[in-house]
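Me: Here is a structure. Please go through some of its labels with me and say what each rests on.

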Amino acid sequence: MAHILVVGGSLGGLLAANILVREGHRVQVIEKAPATLDGRGAGIVTHAALFEGLRRAGVTIDDSVGVEVTSRVALDTDGSVVSTRALTQVLSSWSRLYQLLRDALPADCLVAGTTVRTVTETTGSVRLDCEDGRSFEADLLVASDGLRSVVRQQFAPEIVPQYAGYIGWRGVCDEAVLSHMTLSTVFDCFGFGLPPGEQLIGYPVAGAGNATVRGKRRFNFVWYRPAQGEAELAALLTDADGVHHPLGISPNKVSWRHVAAMRTAARALLAPQFAEIIEKTAQPFLQPIYDVCSSHIAFGRVLLMGDASFVARPHVGMGVTKAAQDAMAIADCIGRLGAEPAAGLAYQEARLAAGQAVVERGRMLGRYMQSQGSPNTVRRDSDEVLRETAIDLAPVVGVSIHVVPVVPVVHVLPVAPKTKQRRHQ
Ligand SMILES: Cc1cc2nc3c(=O)[nH]c(=O)nc-3n(C[C@H](O)[C@H](O)[C@H](O)COP(=O)(O)OP(=O)(O)OC[C@H]3O[C@@H](n4cnc5c(N)ncnc54)[C@H](O)[C@@H]3O)c2cc1C
């Protein structure tokens, strides 16, 4: 049995900790948030490898894990159908996965309200020093401390998040308040809106109390919009009192003026169904989109995983699945080689190229949207967008080391008579 420290008690850290505990190790998760984290009910696309990771983490998977959709639809500005595609996927939510993983973790494994400051490697062990003066020592450290990982900053300071040039407006809207038209044309689908240079995706997720029954669900959306210049981004990250939040603005701080302007733009640019969803979303919030691409993820007894190692643009819908793959690979390497630097090297061998491939695919999916209107426009029609967004990448780029590649159930539907084809350029 090894002693392993996990920095970060969000989805990635909890996946790793639960898997390692179940494989017989002593695990301590150091999380800076003092209380339960809040994911605002935002949606998570699931893939086979995520379910494999959850099972290894001791989670029983049943229908309550998410909402199943069987098709995708792109809507034009007038609300008519541009493209459709059959694809069965389960859409979960951050809060649901967090609750399942927190419930699975033995209570004495979590050290909450403690912020890690520095990591020191000694011969045969690794030591954490925290801002409250506490320190911890163990055989190996797994850093799952997110986009702005302090552990990555210490071991690979040259790897910094790269702003992609656009933001995602996000939110969830109660099913019960939506019109019959929106419910009957898009609510039960993975929906897309493709105005030039922008993209909206949305799908149903569980509602309050993780209810997945009809009438109680919510519709989760992400609307990608350009915010190219520093000044434009800074304005969006400034609250109504004029305070700038450069590292990310919390949902309750987003300026009502920006929300109002975004809703006005939604009425002009998006299908009325999406405009209604956005209008009736109580608290839309926004997140700048970043890429993080590491060149090393193992430093002796220190391993980076999840968003600390790679952040791919959310078009790939792979963040939590990748964290699950990382967690399983770490547990496998420790199982094979012990909690030693050799296990770290084997983990890096298994996951580095996969992480880089996912980041590159996210860039590719974002590039076509950003290039519209420029001389180097990347052409892609709505069928291609529906086919490529947030799909299981195991069969596409072979990023899974655990899941035997399976061909997803994909049938291209004949275009319905009323639909229009449009090139997005
Ligand atoms: C718009 C958008 C849509 C997305 N959609 C999807 C999707 O559809 N599917 C999907 O799979 N993923 C999606 N993601 C990504 C997903 O949310 C993350 O990839 C996933 O949660 C894995 O993150 P993590 O646990 O590694 O890090 P995080 O979730 O960032 O957690 C890091 C944890 O570390 C803690 N921490 C940080 N610093 C310290 C410190 N110094 N000491 C102690 N604790 C610390 C933090 O408090 C936090 O709890 C999306 C992301 C965005 C922005």
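Reply: Buried means under 20% relative accessible area, exposed over 50%, and partly exposed in between (1.4 Å probe, protein chains only). This is a predicted model, in which local features need pLDDT of at least 70 and side-chain atom pairs count only at pLDDT 80 or more, while totals for chains, interfaces and linings use all residues. Residues are numbered from 1 along each chain as its sequence is written, and side-chain values use heavy atoms, with hydrogens and water left out.

Me: Why is Glu279 called partly exposed?

Reply: Its relative accessibility is 40%, which lies between the limits of 20% and 50%, so the residue counts as partly exposed.

Me: What makes Glu279 and Arg267 a salt bridge?

Reply: The term requires a side-chain nitrogen of Lys or Arg within 4 Å of a carboxyl oxygen of Asp or Glu. For Glu279 and Arg267 the closest N and O atoms are 2.5 Å apart, so the pair qualifies.

Me: Why is Arg301 called buried?

Reply: Arg301 has 8% relative accessibility, which is under 20%, so the label is buried. Its salt-bridge partner is Glu340, at 2.8 Å from N to O. Glu340, at 37%, counts as partly exposed.
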